[in-house]
Amino acid sequence: MAHTIDLSGKNAVITGSNSGIGLGIAWALARAGANVVLNSFTDRDEDHAIASQIATETGVKARYLKADMSKADECRQLITDAGSCDILVNNAGIQYVAAIPDFPVEKWDAIIAINLSSAFHTTAIALPMMRSAGWGRVINISSAHGLTASPFKAAYVAAKHGIVGLTKTTALETAKEPITCNAICPGYVLTDIVEKQIPDTMKKYDMSREEVIKKVMLERQPSKEFATVEQLGGTATFLCSSSADQITGTTISVDGGWTAL
Ligand code: NAD
């Protein structure tokens, strides 16, 4: 028998959701009936147009709110402006690749702020809202790099391991309540953050685009296939279902076997 997940009446906030995985999760939650608040640091017509398209196609309420996740006060204000937050998806993230002695301090600070600290700030404002609503889900988007490391990604690996720790603490602080917190750890997904790494890697190894994808990126992903934003949307929706009521404080890998190696 088909098992459908109904999130009607729930309000979801997804940080960094005008593209990629965040947008895929927003679509999936909206298709399951949740109202969605989309976010990024820009305020373009096309950002608001994405929210309108989701509202039109799914029938839920969808809004786009600009907030820069590198700034503590804007992270907190985003959740306050959302008005309520039953489902919080901490997804905003950036990447920078360099050896530690050459790693620019401002890139380290930006990655730690956007990929890790933002989740602390949004969670701090969202938890009291979840408690008064009597239900909540915090879903942190970590990475295979939250469980394993690669050279030249010091800040990203540190932030993604950090968010796994924050996930466990959030789960323990809410364990006796109908609130869960989990981290999803994707392997490679072909989104902007990955596209941007392809030209430099092509130059570095003198490889074609296809060689970079197969020999460098998917080298560590035993399935030899990218995970998709739709699969991540499905994983997030599952974590919001009643089947996942007792899943808390853990990581769910969507990585084609990367972390099994
Ligand atoms: P993406 O570049 O398409 O998405 C990143 C999102 O974060 C965008 O919407 C961007 O606008 C937003 N963002 C960046 N800086 C921001 C800021 N200061 N304030 C608010 N929003 C900001 O890439 P993606 O692959 O969809 O990445 C989403 C998340 O998934 C990230 O946390 C990333 O680390 C994680 N992830 C991605 C992969 C992958 O292979 N693509 C793998 C593992 C984890």
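A crossing of two helices is called left-handed if the near helix is turned anticlockwise from the far one by less than a right angle, and right-handed if clockwise. The views below come from a predicted model, in which local features need pLDDT of at least 70, side-chain atom pairs count only at pLDDT 80 or more, and totals for chains, interfaces and linings use all residues. Residues are numbered from 1 along each chain as its sequence is written, and side-chain values use heavy atoms, leaving out hydrogens and water.

**View 1. Helix 1 crosses helix 9 in a right-handed way.** Helices (H or I, at least four residues) and strands (E, at least two) are DSSP runs, numbered from the N terminus. The axes of helix 1 (residues 20-31) and helix 9 (residues 229-239) come within 8 Å and cross at roughly 55 degrees; axes are lines fitted to C-alpha atoms, for helices over the stretch in contact, with angles from 0 to 180 degrees between N-to-C directions. Helix 1 is therefore oblique to helix 9 (under 35 degrees is roughly parallel, over 145 roughly antiparallel, 65 to 115 roughly perpendicular, the rest oblique).

**View 2. Helix 3 meets helix 4 in a right-handed crossing.** Here the axes of helix 3 (residues 72-82) and helix 4 (residues 105-133) come within 8 Å, crossing at roughly 30 degrees. That angle makes helix 3 roughly parallel to helix 4.

**View 3. Strand 2 and strand 3 run parallel.** Look for the 5 bridges joining strand 2 (residues 35-40) to strand 3 (residues 62-66); strands pair if DSSP finds at least two bridges between them.
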